[in-house]
Amino acid sequence: MSLEAVLRPIVVIGGSIVLTLVLVWLTDRALRRIDAAHPETPLWGLLRRCRIPLQVALCTALLRGSYDESGLKVAEEHEAGIGRALTLVLIAATAWLVVRAAAAIVESSYSRYAASGRDAARVRRVRTQVTLIQRVVTAVVIVVAAASMLLTFPEMRAVGTSMLASAGLLGIVAGIAAQSTLGNLFAGLQIAFGDMVRIGDTVVVDGEWGTVEEITLTFLTVRTWDERRITMPVSYFTGKPFENWSRGGSQMTGTVLFHLDHSAPVEKMRQRLLEILQECPDWDGRSWSLVVTETTPSTIVVRALVTARDADTLWTVRCEVRERMLEWLRTEHTYALPRISTAPAPLGVPEARHGEEPDARQLPKG
């Protein structure tokens with residue numbers, strides 16, 4: 001075996017690998033310098049995540065163009081197979097690189113907007129939109145890459161030609177079979193750009209209170225207060241009513257109900273409520289009130305109204321008002337707590353004749 005036969009594959013393969021490492025290192029170094037010079041733009045730092053797919057794509061491209069010059073016997077005997085395999089790897093690596101770059105651009109855009117945006121609701125809306133856009137771009141890139149990989153096989157080209165002849169029938173069948181999936185797909189786009197619900201919104205769905213944690217093209221995930229996850233199709237939110245507590249602003253008003261005795265000191269309770277709210281850091285100071293909303297033969301219903309900047313702090317304010325007001329009533333005005341009066345039935349009362357009252361002297365004393 002001649003020296004040239006040994007050195008040629010080393011130069012071709014090794015040169016492709018070394019050239020790839022050098023080019024990727026220079027690119028990474030340039031991105032690092034640009035990122036240090038422009039810290040206000042996170043794009044350049046995020047693009048550094050593309051190093052691995054860039055290495056794979058660049059090395060595969062170099063090998064694809066030079067493997068037949070390596071002089072290896074295996075490369076000569078299986079030239080078509082090796083070329084096709086490298087082409088498939090190149091297509092997959094390119095798709096991977098495009099997905100990573102798109103994700104970096106989307107994340108950078110959202111980060112800059114979130115840093116400068118003052119409206120929390122609008123920031124959540126933009127986050128929902130860019131997330132769904134990123135998922136659409138990823139799906140399109142994957143479909144295009146898969147189709148390109150299939151078209152590298154001559155057999156698949158013939159199949160594609162025959163499929164075009166029956167594309168109309170297949171489209172109708174696919175549309176009927178995927179009616180639910182397509183409905184969820186369009187519902188996801190409607191949610192994203194119709195501003196119906198956003199990531200981070202507080203919602204009540206089927207009696208469950210929680211926060212929207214994830215929105216995809218087909219389903220939506222709600223994280224409940226007890227850390228459970230409710231996964232629902234996005235078409236549910238376009239076809240059925242639901243409560244969105246974050247819609248139109250995060251400020252909320254809540255109530256605390258007390259069932260008390262008729263002798264409860266309502267005016268003193270009103271003063272005590274104001275003192276509690278003034279000492280509560282989560283109360284936003286917008287509004288408060290305390291009124292009697294209902295009465296029964298044994299109790300009255302006192303409603304305390306409080307406000308807070310969002311649903312989470314409102315829950316905290318309601319709990320604090322409830323606890324401190326009950327503690328104050330228990331220690332200062334015990335008589336105001338509800339009581340159930342019971343007494344034993346009188347004994348030894350003679351039965352009165354029909355239409356007559358019992359003799360008062362025969363009733364038990366005490």
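## Strand β6 and the sheet

In this predicted model, Gly 254 has Val 306 of β8 as its bridge partner. Val 256 likewise stands opposite Ala 304 in β8. Strands β6 and β8 (residues 300-308) run antiparallel and are joined by 9 bridges. Strands here are DSSP runs of E with at least two residues, and helices are runs of H or I with at least four, both numbered from the N terminus. Two strands are taken as paired if DSSP finds at least two bridges between them. Strands of a sheet pair through backbone hydrogen bonds, either parallel or antiparallel.

The open sheet comprises 3 strands in the order β6-β8-β7, with antiparallel pairing. Its edge strands are β6 (252-260) and β7 (283-295), each of which pairs on one side only. From one strand to the next, the twist averages 20°. Angles run from 0 to 180 degrees between N-to-C directions, and axes are lines fitted to C-alpha atoms, for helices over the stretch in contact.

## Helices packed on the sheet

Helix α11 (residues 266-279) packs on the sheet and touches β6, β7 and β8; its direction makes about 155° with that of β7. Helix α12 (residues 311-332) also packs on the sheet, touching β6, β7 and β8, and its direction makes about 25° with that of β6. Contact denotes heavy atoms within 4.5 Å.

In a regular strand the side chains alternate between the two faces of the sheet. The covered face of β6 carries Met 252, Gly 254, Val 256, Phe 258 and Leu 260, whereas Thr 253, Thr 255, Leu 257 and His 259 form the uncovered one.

## Nonpolar cores

The largest nonpolar core has 26 residues, and Phe 258, Leu 260, Met 269, Leu 290, Val 321 and Met 325 have the most contacts inside it. At least two residues of this core come from each of β6, α11, β7, β8 and α12, and α12 gives the most, with 7 residues. Such a core is a set of buried Ala, Val, Leu, Ile, Met, Phe, Trp, Tyr and Cys residues joined through side-chain atoms within 4.5 Å.

Residues up to four places away in sequence not counted, Met 269 touches Phe 258, Leu 260, Ala 264, Leu 290, Val 302, Met 325, Trp 328 and Leu 329.

## His 333

His 333 lies in the segment after α12. With a relative accessibility of 9%, His 333 counts as buried; the classes are buried under 20% relative accessible area, exposed over 50% and partly exposed in between (1.4 Å probe, protein chains only). Leaving aside neighbours within four places in sequence, His 333 is in contact with Pro 265, Lys 268 and Trp 328.

## Annotated segments and helix α1

The unreviewed UniProt entry lists residues 6-26, 132-151 and 163-189 as "transmembrane region". UniProt positions follow the numbering used here, feature names are shortened, and annotations may be inferred rather than shown by experiment. Residues 132-151 are 100% helix and 0% strand, with end C-alpha atoms 29 Å apart.

Leu 21 is found in helix α1 (residues 3-37) and is partly exposed, at 48% relative accessible area.

## Basis of the values

Residues are numbered from 1 along each chain as its sequence is written, and side-chain values use heavy atoms, with hydrogens and water left out. As this is a predicted model, local features need pLDDT of at least 70 and side-chain atom pairs count only at pLDDT 80 or more, while totals for chains, interfaces and linings use all residues.
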